[in-house]
Amino acid sequence: LLAYNDAVMQVGAERGIPVFDLREMVDRNLALGRTWDDFFLDHFHPTPRGHVLFAKGVVHEVLPLLRPQ
């Protein structure tokens, strides 16, 4: 998962595509006492709680891009 995340971040940076760091989101929640199993069924597929966390991250990143400037 870490290599995949790194590749996504690199491609986004190279192509000027906004991306957010899922690893950072998970790490923050792990620091608050959550476990890896709270967010992933295996090493890649999210649990329902993981989907909610990631959806909130997408909303947080996308909403500013949709606001009129």
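Which residues of helix 4 are buried? They are Gly50, Leu53, Phe54 and Gly57. Keep in mind that this is a predicted model. What do those buried residues pack against? Helix 2, residues 22–31, and helix 3, residues 36–39.

Now the length of helix 4. It runs over residues 48–66, which makes 19 residues.

On to the rings. Two rings pair if their centres lie within 6.5 Å. How many aromatic pairs does that rule give? The count is 3.

Take tyrosine 4 and phenylalanine 44. Their ring centres sit 5.3 Å apart. Their planes meet at 75 degrees, and over 60 counts as edge-to-face, so this pair is edge-to-face. The pair links distant parts of the chain. Tyrosine 4 is in helix 1, residues 2–15. Phenylalanine 44 is in the loop between helix 3 and helix 4, and the two are 40 residues apart. Phenylalanine 44 has 42% relative accessibility, so it counts as partly exposed.

Next pair: tryptophan 36 and phenylalanine 40. Here the centres are 4.4 Å apart. The planes are at 20 degrees, and under 30 counts as stacked, so this pair is stacked.

Phenylalanine 40 is buried, at 6%.

One last link. Trp36, Phe40 and Phe54 form one aromatic cluster. And Phe54 is one of the buried residues of helix 4.

Methods
Residues numbered from 1 in each chain as written. Predicted model: local features only at pLDDT ≥ 70, side-chain atom pairs only at ≥ 80, totals over all residues. Heavy atoms only, no water. Helix = DSSP H or I, 4+ residues; strand = E, 2+ residues; numbered from the N terminus. Expected span 1.5 Å × (residues − 1). Buried < 20%, exposed > 50% of the residue type's maximum accessible area, 1.4 Å probe, protein only. Contact = heavy atoms within 4.5 Å. Phe/Tyr/Trp six-rings, centres within 6.5 Å; stacked < 30°, edge-to-face > 60°.
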